[in-house]
Amino acid sequence: METGGRVGFGLATVHERLRLLFGPSAGLNVDSTEGEGTTITVRLPYRTENPQTEKEGAQ
């Protein structure tokens, strides 16, 4: 995860779980500037199909 500084272990875990569940385009981006604040961006892929519906149709 590109952060430019120190990141808590919990955020790194969330980032890895998002990538495992949704693929390499998903994850967290943390941008922090001392004295200004921190912005966390969550990236999730856009899906047009419902994965649950696909599973039910395959049975």
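Leu11 lies in helix H1, where helices are DSSP runs of H or I of at least four residues, strands are runs of E of at least two, and both are numbered from the N terminus. The model is a predicted one, in which local features need pLDDT of at least 70, side-chain atom pairs count only at pLDDT 80 or more, and totals for chains, interfaces and linings use all residues. Residues are numbered from 1 along each chain as its sequence is written, and side-chain values use heavy atoms, with hydrogens and water left out.

With a relative accessible area of 30%, Leu11 counts as partly exposed, a class that falls between buried (under 20%) and exposed (over 50%), judged with a 1.4 Å probe and protein chains only. Its C-alpha atom is separated by 9.0 Å from that of Val30, a residue 19 positions away along the chain.

The helix itself may be considered next. H1 has 14 residues, which should span 20 Å at 1.5 Å a residue; its end C-alpha atoms are 20 Å apart, in agreement. The expected span is 1.5 Å times one less than the number of residues. After H1 comes Gly23, with a positive phi near 100 degrees.

Leu11 also belongs to a nonpolar surface patch of about 540 Å², together with Leu21, Phe22, Ile40, Val42 and Leu44. Such a patch joins nonpolar side chains (Val, Leu, Ile, Met, Phe, Trp, Tyr) within 5 Å, taken from residues with over 30% relative accessible area and no salt bridge. Helix H1 (9–22) and strand S2 (37–43) each supply at least two residues of the patch, and H1 gives the most, with three.

Note on methods: Patch = residues over 30% accessible without salt bridge, like charges linked within 9 Å, V, L, I, M, F, W, Y side chains within 5 Å. Areas by Shrake-Rupley, 256 points an atom, 1.4 Å probe, with all protein chains shown as cover. Salt bridge = Lys/Arg side-chain N within 4 Å of Asp/Glu carboxyl O.
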